[in-house]
Amino acid sequence: MDIFMDLVHSMKKRKNGKKRLLLAAVTALLTVGILGCSEKEETPEDKINDLDFTVVGEDQQPDSLKDIIAEKYADSFQISYTLGEDLYIAVGYGEQPSGGYSISVNAFYETNDTLVIDTTLIGPGKAENVTKTPTRPYIVVKTRNIADKMIEFK
């Protein structure tokens, strides 16, 4: 800050100091604004690649997985279920006060040791007409089974 103040002081002494002062101030503000507001995309350093997946409805889920979900869906849950070459991952958010909730998959990727799934519960919009009956939103995704990898839920 002292350097900037010295620059301002020396510019005031010069004939064209006002113009230079204005130019210096605008440059400083733009530099701070650009550097201060820039946002880096957060990318895990150990990410190998994104994984393909399909969101599966209840009619496409194995019966044994449906049974497990039925036991747990009143509360929040995170389940992985393997059937042959398929891996099912289910994430539930427990009881919500009304309808209109949805779940988004923000990221699903592989690292050296894990499969990482990042989901978010999205509430109903303010203008959305929803039922006042409590609901229990959950999502099930299906992907290929990748052996010997832990699943990290975010």
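The chain contains 3 helices and 8 strands in a model that is predicted. Along the sequence, these elements follow the pattern α-α-β-β-α-β-β-β-β-β-β. Of the 154 residues in the chain, 27% are buried.

**The four-stranded sheet**

- Four strands form an open sheet in the order β2-β7-β4-β3, and their pairing is antiparallel.
- The edges are held by β2 (54-55) and β3 (76-83); each has a single partner strand, so one side of each lacks a neighbour in the sheet.
- Strand β4 (residues 86-93) pairs with β3 in the antiparallel sense through 8 bridges.
- Within this pairing, S80 is placed opposite I89 of β4.
- Helix α3 (residues 63-72) lies across β3, β4 and β7 (138-144), and its direction is at about 165 degrees to β3.

- Strand β5 (residues 102-111) and strand β6 (residues 114-122) run antiparallel and are joined by 8 bridges.
- V105 faces T119 of β6 as its opposite residue.
- Strand β6 is also joined to strand β8 (residues 150-153), here by 4 bridges and in a parallel arrangement.
- L115 has I151 of β8 as its bridge partner.

**Nonpolar cores**

- The largest nonpolar core comprises 12 residues, namely L51, L87, I89, V91, I103, F108, L115, I117, I139, V141, I146 and I151.
- At least two residues of this core come from each of β4, β5, β6 and β7.
- Strand β4 provides the largest share, with 3 residues.
- A further core of 9 residues lies apart from this one and includes I69, F77, Y81 and Y88.
- In soluble globular proteins, nonpolar side chains tend to be buried together.

**Contacts of I89**

- I89, a member of the largest nonpolar core, touches I79, S80, F108, I117, I139, V140, V141, I151 and F153, leaving aside residues up to four places away in sequence.
- Among these neighbours, F108, I117, I139, V141 and I151 also belong to that core.

**The chain as a whole**

- Among contacts in the chain with a separation of 6 or more, 67% are between residues 24 or more positions apart.

Terms used: Residues numbered from 1 in each chain as written. Predicted model: local features only at pLDDT ≥ 70, side-chain atom pairs only at ≥ 80, totals over all residues. Heavy atoms only, no water. Pairing = 2+ DSSP bridges. Contact = heavy atoms within 4.5 Å. Axes fitted to C-alpha atoms, helices over the stretch in contact; angles between N-to-C directions. Core = buried A, V, L, I, M, F, W, Y, C linked by side-chain atoms within 4.5 Å. Buried < 20%, exposed > 50% of the residue type's maximum accessible area, 1.4 Å probe, protein only.
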